[in-house]
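User: I would like to go through the terms used for this structure and see what each one rests on. Please set the values against the cut-offs.

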Amino acid sequence: MTSTIDQQGRAAAGRDAAAARRAVIGEDGAGRCPWAVTHPLNQGYHDTEWGLPVHGERELFERITLEAFQAGLSWLTILAKRPAFRAAFDGFDPVAVAAYGDGDIERLLDEPGIVRNRAKIVAARGNARAVLALREQGGLDRLIWSHKPRRTPAPLTAGDVPTRTPDSEALARRLRSLGFSFVGPTTCYALMEAIGLVDTHLIGCHRRGSSGEHV
């Protein structure tokens, strides 16, 4: 039989682990999501960009592309390479990327500053073409923001943040039906967090509410 002391020890360890996943108070006195304090690039992105509402065809195409490239990698890797991605992909102009030929695919595969994954590079071109086709149906901005949930989460710890939701599953299905690829439900939820469709800054984080969404 497990002793009371053992049970209390495990309970205390669980509480400590949960506390470690709550908003972290920095030297500046501001609370931040735990992932934001792991690297200066993460903190800068968290404090100035992540979760703010993003609109515009080019801006949203960039976010979709980078989230697709992030699959299987850390976001910090993509964040560090973002300037190189922007240069290599013509500033994420969907008209330019949609016109890429096979030579451009090979050029990108030789570009050391980006993630050189053929399937993801080809997907970026295909997604750009899908973005242009969407112009006849109201555009990418309208489509993505039509999947804004009625309520936003209110996570206390990192463990409270889902990796996918019915709304992200619906967005993924819609994008796939329109010819997009590398847009699964988990990738779509990460996109929704990044562009402010939902606010998953933890309660206690100084950026909570920056999306304009409230519980």
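Analyst: Leaving aside residues up to four places away in sequence, R135 touches E57 and V95, where contact means heavy atoms within 4.5 Å. In sequence R135 and E57 lie 78 residues apart, while their C-alpha atoms are 9.4 Å apart in space. This is a predicted model, in which local features need pLDDT of at least 70 and side-chain atom pairs count only at pLDDT 80 or more, while totals for chains, interfaces and linings use all residues. Residues are numbered from 1 along each chain as its sequence is written, and side-chain values use heavy atoms, with hydrogens and water left out.

User: Why is R135 called partly exposed?

Analyst: The relative accessible area of R135 is 47%. Buried means under 20%, exposed means over 50%, and partly exposed is in between, with a 1.4 Å probe and protein chains only. R135 is therefore partly exposed. Its place is the loop between α7 and α8.

User: What makes a stretch count as a helix or a strand, and how many of each does the protein chain have?

Analyst: Helices are DSSP runs of H or I with at least four residues, strands are runs of E with at least two, and numbering starts from the N terminus. The protein chain has 10 helices and two strands. Their order from the N terminus is α-β-β-α-α-α-α-α-α-α-α-α.

User: Is F92 buried or exposed, and what is noted about its phi?

Analyst: F92 has 0% relative accessibility, so it counts as buried. Its phi is positive, near 60 degrees, in a residue other than glycine. F92 is in the loop between α4 and α5. D90 is in the loop between α4 and α5 as well, and its phi is also positive, at about 50 degrees, although D90 is not a glycine. D90 has a relative accessible area of 41%, so it is partly exposed.

User: Why is α10 described as largely enclosed by the rest of the structure?

Analyst: Because eight of the 10 residues of α10 are buried. They are P185, T187, C188, Y189, L191, M192, E193 and A194. The cover over these residues includes α2 (40-48), α3, α8 and α9. After α10 comes G196, with a positive phi near 85 degrees. For the protein chain, 43% of the 215 residues count as buried.

User: Why is α3 called oblique to α10?

Analyst: The two helices pack at an angle of about 135 degrees, with their axes 10 Å apart. That makes α3 oblique to α10, because angles under 35 degrees count as roughly parallel, over 145 as roughly antiparallel, 65 to 115 as roughly perpendicular and the rest as oblique. The axes are lines fitted to C-alpha atoms over the stretch in contact, and the angle, on a range from 0 to 180 degrees, is between N-to-C directions. The crossing of α3 and α10 is right-handed; that term applies if the near helix is turned clockwise from the far one by less than a right angle, and left-handed if anticlockwise.

User: Which residues make the contact of α3 with α10, and how do they divide by class?

Analyst: R63, I64, E67 and A68 of α3 meet T187, A190, L191 and A194 of α10. By class there are five nonpolar, one polar and two charged residues. Ala, Val, Leu, Ile, Met, Phe, Trp, Tyr, Cys and Pro count as nonpolar, Asp, Glu, Lys and Arg as charged, and the others, Gly among them, as polar.

User: What makes α3 and α4 oblique to each other?

Analyst: Their axes come within 10 Å and cross at roughly 130 degrees. α3 and α4 are therefore oblique to each other. The crossing is right-handed. E62, L66, E67, F69 and Q70 of α3 make the contact with W75, I78, R82, F85 and R86 of α4. These divide into five nonpolar, one polar and four charged.

User: What makes a set of residues a nonpolar core, and which members of the largest one touch the most other members?

Analyst: A nonpolar core is a set of buried Ala, Val, Leu, Ile, Met, Phe, Trp, Tyr and Cys residues joined through side-chain atoms within 4.5 Å. The largest has 50 residues, of which F85, F89, L140, I144, F180 and I195 touch the most other members. With six residues, α7 gives the most to this core. Beyond four places in sequence, F85 touches L66, F69, I78, F92, I114 and V115.
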